[in-house]
Structures are given as structure tokens and as C-alpha cells.
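Biologist: Walk me through this model, please. I will ask, you answer.

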Amino acid sequence: MENKKIQLAYLDEKVILTMIITALLGLVITGFKYKNYEHCFDFHIKAKANFYRTDEPIHFETDALYAKEFQWDFGDNENSETNISSVVHAYNLPGEYTVALTINGTCTEYKTIYITRAPKLENPLLLPRFICPQQAEVGKAITFQDTTPGAHSWEWRFGETAVIDATASTASYVYKTPGLKTISLVLNNDPKQLGVCKVYVNDKTVAPSRSNARVPRSSGPSFVIVPAKPQAPPLEEQNHPQPAVTEPPKPQGVTISKQDLESKLRGVVNNYLTAENFSQYFCNNLNVPVSLNGTEITFTQFCTKLSSIRNDKKIKQLNVQQIKSSENNCLIGLNVSLKMKQGFLGIF
């Protein structure tokens, strides 16, 4: 009986070795996950505004001061990526919007706001009239100028913070971060006299290096070249009025909706459209800047990247914001947010 009991309690050495190896692998995997795990601390989104109405600026901020990257989604197909904890945005249409903030690319918080339609002003003179450039560049000064008759005080906010940035009729500002910015101007300390515009800020451009080569000086004599034919017409022709030379009309951009543009870009992904198919929208300038997930490239380069995906089913989200010229309706820039499905990282 004693020998039989001892055999029941005995464990094979291979079984023991397998259990030890399994335990060690479990510890290694747990340690790896713990090392790469980033704990999401509680943080909140705060919205501040005089009125939550269309075309009026709203200041969003968060108490996640420890974060380094802030990705804002305003719920109206507009996004902003900053390295500061606040941002300013204005909505074009009334409705309910869910604002999402993702910090450091991992933790997300949401806030719902309700926007009503701003009442029409009976006196159109109350509306600010100011010059608002459509594009700017990080690190370079951009100038705004108000031309409203009767204005005697100004409050400029240039979209990076909620504070008043300038108090003169003409103001300059240097942006520190790229992306779409909402500029607001309040006249005469009256919230009713509010104007809003949007500016797309491009990232810094790299200046071309200057060549150190010196141009050798000519040791020969100097010559004056006398043309064989006079440059000015004869006096008889000068006395007769010449027909006025009319400049050719400037090209006008063709309007395309957000949905149609995104659909055509998917056609580039599937390789049945190319950059040349978009010439009519860009007035034949296919080198306009495109901000792709915060990186600035040209539209031609953007189409090349899209065509390398080869199948739009790999795309999780494609969100395109158009920047147009008020003079000729030409597209002068795009702000693109592109997210790939899990397992299809591609080149993005």
C-alpha cells in the first residue's frame, strides 16, 4: 500500500519543467504589458463662451496639464492637434455636438455641447469688417486689419489661447503651432459686434541652402550692347492710340462638396483616379499644401501616398477640410485626417 501511495504523489520531471516555463513566460508577458501600459488619469473638458451660438468663438480647455499631445475633434468634421491644453473653435451650424479630446494618443474624454443659431443683427454696420489672411506660417508674423466705420476699441483673439492678444485696429501675431485657427474680433467692447474668420497655419518651411561658390569677376573690358532695332515705336505710331491690352480672366475653381471630394480621393486610393483629375478644383495648381495628420506635403505627394494603399477598405477614417480662396473659389489647401484600420498601418 505504501509503494502505491508514493507512485500517486510522484510528478514527472517534464511536467514540472513545463509548468516552470509557462510561469516564466506569463511573468515576462505581464511585465512587458505593464511596462508599455499608460494609465489614463481622470481629466475633463471645459467649454467657455459668452453665448453658445453659431459663428461665435468657444474656448475649450482641459485640466490634463501633464499631457504633451492634444488631439481635438469638435464633432463637426473639424479637428485640431496642439501641444497646449486649450483651443478655440466656432461652429457654422446649430445642433448638438460631441467634442472628443485624446491626449498622448491613448486616453480620450468627451463633452457634449448645444449650439443655437445666432440672431440676425438689425444694423449691418455692427458687423466687423476686417482683413483676414487665409494662410499663415509657424514662426512668421501675420497681420490682421479692421476697417469697420465707427470702431473705437478692438479685442483680437487669434485662436491659440483664450486671452486677448491685441487691442489695436491693426494687429500682428506669430503662431507657434500649425493647423486651422479660429480668429475672433470684438468691437467697442460689445459682444454683439463680433466677427469670426478662420486661418490655416502651415508648418515651418525649410529655407534652401545658399551656395558658397563665388562668381569670378570678368577681367575683360565692359561692353554696352546697342540693339539693332529701337525698343520704342516710331513717333508716328506713338501719336496713334494703341488698343488696350486686356488681361485674360483668372481661372475660377469648380465647387466640390466635402463628400464628393472624399469619394474622389478614395478613387485615387483604388488607382482609377490621379492628381490630374483634381486640376479644376485647384485651378491647375497641384502643389498646394496638404496637412496630412499634421505633416505638410503637396497635393501631388498626397495622391502618391494614397495610391500606394491600393484599397480603400484599409482606411478606417478619411476626413478632409477644404481651404478656399475667396477671390476665385480655388482650393488653396487641405487639412486631412487619415486613419488606417488595425493591421493596415501602411505608410501613415
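Biologist: Which loop holds Asn104?
Modeller: This is a predicted model, where local features need pLDDT of at least 70, side-chain atom pairs count only at pLDDT 80 or more, and totals for chains, interfaces and linings use all residues. Residues are numbered from 1 along each chain as its sequence is written, and side-chain values use heavy atoms, with hydrogens and water left out. Strands (E, at least two residues) and helices (H or I, at least four) are DSSP runs, numbered from the N terminus. Asn104 sits in the loop between β6 (95-103) and β7 (107-115).

Biologist: Is Asn104 buried, partly exposed or exposed?
Modeller: Buried means under 20% relative accessible area, exposed over 50%, and partly exposed in between (1.4 Å probe, protein chains only). Asn104 is not a glycine, yet has a positive phi of about 55°. Its relative accessible area is 23%, so Asn104 is partly exposed.

Biologist: What is the relative accessible area of Asn189?
Modeller: Asn189 lies in the loop between β13 (179-187) and β14. Its phi is positive too, near 55°, in a residue other than glycine. Asn189 is exposed, because its relative accessible area is 58%.

Biologist: How many disulfides does the structure hold?
Modeller: A disulfide is a pair of cysteine sulfur atoms within 2.5 Å. Cys132 joins Cys197, S to S 2.0 Å. Cys283 and Cys330 form a disulfide with sulfur atoms 1.6 Å apart. The structure's disulfides number two.

Biologist: How many residues apart in sequence are the parts tied by Cys132 and Cys197?
Modeller: The S-S torsion of Cys132 and Cys197 is about 75°, so this disulfide is right-handed. Cys132 lies in the loop between β8 (130-131) and β9 (135-137), and Cys197 in strand β14 (residues 194-202), so the parts tied together are 65 residues apart.

Biologist: Is the disulfide of Cys283 and Cys330 left-handed or right-handed?
Modeller: Cys283 is buried at 16% relative accessible area, and Cys330 counts as buried at 4%. The torsion about their S-S bond is about -75°, so the disulfide is left-handed.

Biologist: Which elements do the buried residues of α4 pack against?
Modeller: Helix α4 (residues 258-269) has twelve residues and reaches 17 Å from first C-alpha to last, close to the 16 Å expected at 1.5 Å a residue. That expected span is 1.5 Å times one less than the number of residues. Its buried residues include Leu261, Leu265 and Val268. Where contact means heavy atoms within 4.5 Å, the buried residues pack against α6 (299-307), β17 (315-324) and β18 (331-340).

Biologist: What is the phi of Asn271?
Modeller: Asn271 follows α4. Its phi is positive, near 65°.

Biologist: How many helices and strands does the protein chain have?
Modeller: The chain has 348 residues, of which 34% are buried. Among contacts with a separation of 6 or more, 58% come from residues 24 or more positions apart. The secondary structure comes to six helices and 18 strands.
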